[in-house]
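Please examine the sequence and the structure shown here. The explanation begins with the chain as a whole and then turns to one pair of helices.

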Amino acid sequence: NGARDSSVTAASLSAMAQGCMAGKNYEQAIVFLEGALKIEPDSAAYNCDMAWALLSCESIGPERLIKAEKYCRRAIELNPRWAAAKYLLADILADEDQLELEGDGLVKAGEALQLYQEVLKERPTDASVNYKYGMLLLAMDDVDKGMMFLAKAVGLDPHHYKDVADLLRDY
């Protein structure tokens, strides 16, 4: 069966990409994932993995950020309930180096807030989601609500967010 053979090939390319990502060889992972996506372009997992690999490279740049966003959006289109893809897209949209709170930037920040809210419904005890949501709220001047989510992140993982705990004490 030709479809089954293609799936196995895409799966083996994806497995090689996973190995490369585990070894932090993201450029090679991208090559393997490009191959997997040529065979199976409608795989939400391969699209999300490609976004992750693009974002993990040492030199990201605006072009790779745009590509990563495209792959994340495709993964969500293929699997609308996938919290990991939504979380990754929210991170891209809320990237502090890219975030502008006017015009298109405000639209992206609003979309990131919505995505974080959706992820929090699935993973309410995830400290990193609470932290990133809280930080974005702070950036958008919703200080009280932002501090509430930062406090929740600290409560869930006090050792990892020790600096945030200091910020909360000063608040």
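The structure is a predicted model. Its chain holds 9 helices and 0 strands, and reading along the sequence gives the pattern α-α-α-α-α-α-α-α-α. Of the 171 residues in the chain, 40% are buried.

Two packed helices are described by the angle between their axes and the distance between the axes. Helix H7 spans residues 127-139 and helix H8 spans residues 143-156. Their axes come within 7 Å and cross at roughly 160 degrees. Because an angle over 145 degrees counts as roughly antiparallel, H7 and H8 are roughly antiparallel to each other. The crossing in which H7 passes H8 is left-handed.

Which residues in H7 meet residues in H8? On the side of H7, they are Ala 127, Asn 130, Tyr 131, Tyr 133, Gly 134, Met 135, Leu 137 and Leu 138. On the side of H8, they are Val 143, Lys 145, Gly 146, Met 147, Phe 149, Leu 150, Lys 152, Ala 153 and Leu 156. Sorted by class, the contact of H7 with H8 has 12 nonpolar, 3 polar and 2 charged residues.

Methods. Residues are numbered from 1 along each chain as its sequence is written. This is a predicted model: local features need pLDDT of at least 70, side-chain atom pairs count only at pLDDT 80 or more; totals for chains, interfaces and linings use all residues. Side-chain values use heavy atoms; hydrogens and water are left out. Helices (H or I, at least four residues) and strands (E, at least two) are DSSP runs, numbered from the N terminus. Buried means under 20% relative accessible area, exposed over 50%, partly exposed in between (1.4 Å probe, protein chains only). Axes are lines fitted to C-alpha atoms, for helices over the stretch in contact, and angles run from 0 to 180 degrees between N-to-C directions. Angles under 35 degrees count as roughly parallel, over 145 as roughly antiparallel, 65 to 115 as roughly perpendicular and the rest as oblique. A crossing is left-handed if the near helix is turned anticlockwise from the far one by less than a right angle, and right-handed if clockwise. Contact means heavy atoms within 4.5 Å. Ala, Val, Leu, Ile, Met, Phe, Trp, Tyr, Cys and Pro count as nonpolar, Asp, Glu, Lys and Arg as charged, and the others, Gly among them, as polar.
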